[in-house]
Amino acid sequence: MTKRSLHLRDIILLALIGIIFGVIYFAAGFVYNGLTILLTPIGYGPMANDLTMGIWCMAGPLAGFLLKTPGAAFLGEFLGAAIEMFLGDQWGAANLISGAVQGIGAELGFTFTLYRMYNWLTLLISSLTLTFITFGWDWFRNGYNHFSGQMLTIMLIARFVSMFVFSGILVKLIANLLQRAHLIKQ
Amino acid sequence: MTNINFKNLSFNFDDQSILKNINTEFKEGKIHLLTGISGSGKSTILKLIAGLLPKYGGKIVTGTVDIPTGAQVGIVFQDPLMQFALDTPRHELEFTLENCQVPTQQIPARINRALNFGNVQPLANRLISTLSGGQQQRVALAVTMAMQPDILLLDEPFANVDEENRQFILKQLRQINNDYHTTIIMTDHDLHGYQQLQPLVWHLTNGCLSQLSVKDSAHLLQKGINQKLTTSLPTSDLPAIINFDHLSIKRGNQNLLLPTDLAFIKNKTTLVTGPNGIGKSTLFKAIARLLKYKGTITYERANIQKLSPGKYYRHLGLVFQHANDQFLNVTVGEELALALKTSQNPYFNHQQVQSALKLLGLTGREEQIVYSLSGGQKKKLQILLMLMRGQDILLLDEPFTGLDPGSLKNVLQLIKDAQTKKPQTLLIISHQLNGLDGFIDFHLKMNQQHLKYVGGSYES
Amino acid sequence: MNPSLKLFLVIFLSLELTFITKLWVNLIVIIICLIILMHYRFHWRQFCWLVFVPLFPALAIFITIVLFSPGHSLFDGTVLFSRLYVYVCLGTVFTFTTNTLTLARSLEQNCHLPSKYAYGVLAALNLIPKMKQAVTTIYTAGHMRGVNLHWWSPTLYFKAILVAIQWSDQLAQAMESHGFVEGQARTITVKIPITTRDWVYFSSILILIQIIVIALP
């Protein structure tokens with residue numbers, strides 16, 4: 001295992017990964033708005049946020065898998081969010097805080113597996129930590145404290161599913177390709 | 001100051017041997033020119049001297065590289081844009097001088113001197129990304145010279161540089177060498193204009209480096225290999241497949257192509273040539289709809305902007321200059337399987353693919369990762385994949401880079417064979433014309449923002 | 001104002017207003033931001049963008065809270081609606097009035113952020129247009145090979161990360177050959193000071209906001 005600090009090349013790479021996700025999300029932003037329009041009339045408008053949350057949180061787990069270094073997942077996620085603010089997305093300055101919150105969520109998944117395991121379990125744990133930590137943040141930011149218990153449960157489940165599909169399964173598929181191309185350090 | 005010494009040096013990338021037991025001394029204060037086909041390891045030598053390798057990959061198997069103690073090494077890279085951390089020439093100079101711990105009060109004077117030296121004062125506050133390749137390399141040289149190097153390395157510095165800037169930079173290199181006694185080591189595949197520098201010429205082939213005799217060097221530098229070509233001019237009765245209607249292309253503020261009407265002839269092979277940095281690749285990108293242009297490009301009389309991407313790219317393919325851009329999978333086998341599945345050329349069945357692999361020397365590499373192939377192997381695989389896809393039009397941007405003469409012959413043979421079942425319109429950008437006589441029908445020259453067909457028998 | 005102080009202020013205000021359910025402070029912050037933006041000659045098209053971007057999520061939250069939450073509180077709905085605009089306005093004021101190089105220099109000099117972070121990220125930011133082009137090239141390469149890539153295709157990310165790995169390698173080498181050494185001291189061309197005026201601005205804005213928070217609903 002590699003206990004090393006992040007070097008210049010890694011930092012540039014993490015920022016570039018942030019840019020990649022920024023560029024691709026930006027093009028896919030209509031998903032969020034489309035879901036919002038669909039869900040609002042039935043009273044579940046904010047659930048678009050939960051359903052797409054996994055998409056915004058892919059950079060962190062992927063960075064953690066790619067660099068296998070403490071701090072990589074946090075920085076990958078945080079830089080991604082900060083760059084989105086510079087690209088001008090809908091969350092503005094809150095991106096910096098959300099980015100930090102999501103970064104902690106992503107990083108914890110790797111911390112709990114002691115930076116030794118890089119497999120499905122790691123991704124499952126990081127999906128869980130991401131789900132709970134970002135949900136906690138939305139409790140305040142998006143006024144989730146105003147919603148009924150039933151709605152909260154559904155939204156929490158939706159968030160976990162989204163988290164697992166995108167920042168779990170999709171990240172694992174990408175990581176598999178990188179692994180097979182020998183681009184991930186053993 | 002002493003010389004740069006390579007002692008018994010062998011160097012590997014992954015498991016590929018790049019340099020084999022090199023014993024060489026680069027004399028201080030001289031200008032050295034490394035030649036050899038692309039992918040032969042010229043950059044590796046420069047990066048070893050600069051100390052970037054093996055730090056950034058690869059492994060020294062045996063031997064040592066000794067550079068004089070305390071020598072400042074400056075390097076100018078091939079890809080102009082990828083060597084700047086900051087947005088403008090002035091900021092990059094500030095960044096560099098700060099790194100070199102130049103005291104604050106001396107920085108402005110050093111910057112002015114560097115800008116003057118590169119003749120880039122008017123560009124100092126412009127965004128580097130909006131400059132031409134030639135201007136970018138002038139900035140790169142200015143930044144490097146600001147560091148006052150004892151050893152100056154240039155890795156294919158003219159790949160995207162127009163003639164005027166090339167001459168300017170060559171003149172400056174001579175001056176640097178004269179004034180500061182700087183050791184200059186550079187690589188290039190195009191040798192014109194080097195005579196004035198009177199360089200020591202080296203040749204790298206199969207991982208072995210040798211110095212050419214004075215006579216051979218003079219011969220090589222003088223000749224500027226001219227190739228005989230015979231082409232005809234397209235006549236108006238021939239069917240066209242791609243038409244330009246007042247097509248003009250810009251890069252930033254600079255015109256690359258002034259409004260032009262032109263036709264490309266169906267099922268024929270057209271060679272596109274022109275000086276470096278003139279905009280040939282950009283022209284191909286415009287045809288492939290990868291960038292914006294003014295005027296109209298039509299495919300079979302239909303405006304290409306009105307076709308869906310899925311449809312257009314079923315009829316038109318681009319063999320990218322960088323082979324990596326072409327691949328979508330991980331292993332050679334997967335790439336071939338995908339190409340077979342989506343093939344539009346009936347010539348390529350399982351059996352033909354196998355014999356094509358044999359012809360190209362790629363047999364038995366199905367399990368290998370495409371990105372770990374050598375430059376030449378990647379190029380050959382890339383061309384095979386795109387021939388299998390079999391679009392009506394295939395644009396090939398420098399497809400023969402890094403191929404030795406034998407491989408080139410086989411690639412041309414394969415292209416011809418593939419045409420037997422499905423004729424294609426081929427447009428080829430190539431700086432190397434060896435072996436192309438008889439293979440091409442038409443020859444289009446790009447120069448000074450114009451496109452012109454040339455015909456007859458001539459040396460080019 | 002000093003970029004680091006400004007950054008801290010923007011983050012602090014965003015954080016504070018997240019945990020406080022007050023309406024007036026949101027509206028006042030938005031108005032102040034708009035005045036600042038007008039002062040810096042914000043284009044009207046950019047204003048439209050500013051209004052449009054948070055509109056969907058803001059409306060969704062508003063409608064959900066007012067019509068579907070147990071409390072049906074119009075006040076809470078309005079607070080949350082305006083809060084989103086607070087975030088975006090603060091973010092826009094920051095990005096619009098701050099030069100990234102000055103920010104990097106300020107973070108390096110004033111906050112002692114290691115220079116590898118400041119300049120590594122800066123170098124990557126310059127590649128945003130090139131990265132957009134690279135993503136387009138990947139989609140096109142897919143089409144040309146008969147594969148339709150989508151934003152959820154692993155291949156798309158795989159190829160883009162491949163490009164990123166190559167670029168980060170090239171850039172790091174280039175920065176190193178321009179004399180950059182991790183952890184080594186650097187001199188300063190442009191000093192980014194924190195002046196007394198910066199501190200006065202900073203603290204008066206903070207105090208003003210606290211008064212508004214306490215005094216108004």
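Modeller: Between chain B and chain A there is 1 residue pair in polar contact, counting pairs with both residues at pLDDT 80 or more (a pair of N or O atoms within 3.5 Å, where within protein one must be able to donate a hydrogen and the other to accept it, and residues adjacent in sequence count only if both atoms are side-chain atoms). This is a predicted model, in which local features need pLDDT of at least 70 and side-chain atom pairs count only at pLDDT 80 or more, while totals for chains, interfaces and linings use all residues. Residues are numbered from 1 along each chain as its sequence is written, chains are lettered from A and ligands numbered from 1 in the order written, and side-chain values use heavy atoms, with hydrogens and water left out.

Across this interface of chain B and chain A the rule also finds 1 salt bridge (a side-chain nitrogen of Lys or Arg within 4 Å of a carboxyl oxygen of Asp or Glu). The partners in that salt bridge are B:Glu334 and A:Arg180, whose closest N and O atoms are 2.1 Å apart.

Turning to the extent of the contact (heavy atoms within 4.5 Å), chain B brings 6 residues to it and chain A brings 5 residues. The area buried between chain B and chain A comes to about 480 Å², and carbon and sulfur atoms give 61% of that area; buried area here is the accessible area (1.4 Å probe) that two parts lose on being put together, summed over both. On the chain B side, the residues that lose the most area to chain A are B:Tyr56, B:Val330 and B:Ile369, which together account for 79% of what that side buries.

The contact of chain C with chain A can be described in the same terms. Here 63 residues of chain C meet 65 residues of chain A, and the area buried between the two chains is about 5500 Å², with 84% of it given by carbon and sulfur atoms. Three residues of chain C, namely C:Trp151, C:Tyr157 and C:Ile161, supply 12% of the area that chain C buries against chain A, more than any other three residues.

Chain B is divided into domain 1 (4-223) and domain 2 (228-459), with bounds that come from an automatic or database domain assignment. The C-alpha centres of these two domains of chain B lie 31 Å apart, and 13 residues of domain 1 of chain B are in contact with 13 residues of domain 2 of chain B. The domains of chain B bury about 890 Å² between them, of which 46% is given by carbon and sulfur atoms. In domain 1 of chain B, the residues losing the most area to domain 2 are B:Gln16, B:Ile37 and B:Ser38, together 35% of what that side buries. Between the domains of chain B the rule finds 0 salt bridges, although 2 residue pairs are in polar contact, both residues being at pLDDT 80 or more.

Chain C, too, is divided, into domain 1 (3-107 + 193-215) and domain 2 (115-177), and the C-alpha centres of these domains of chain C lie 32 Å apart. Domain 1 of chain C puts 4 residues into the contact, and domain 2 of chain C likewise 4 residues. The area buried between the domains of chain C is about 300 Å², with carbon and sulfur atoms giving 79%. The residues of domain 1 of chain C that lose the most area to domain 2 are C:Thr100, C:Leu101 and C:Ala104, together 83% of what that side buries.
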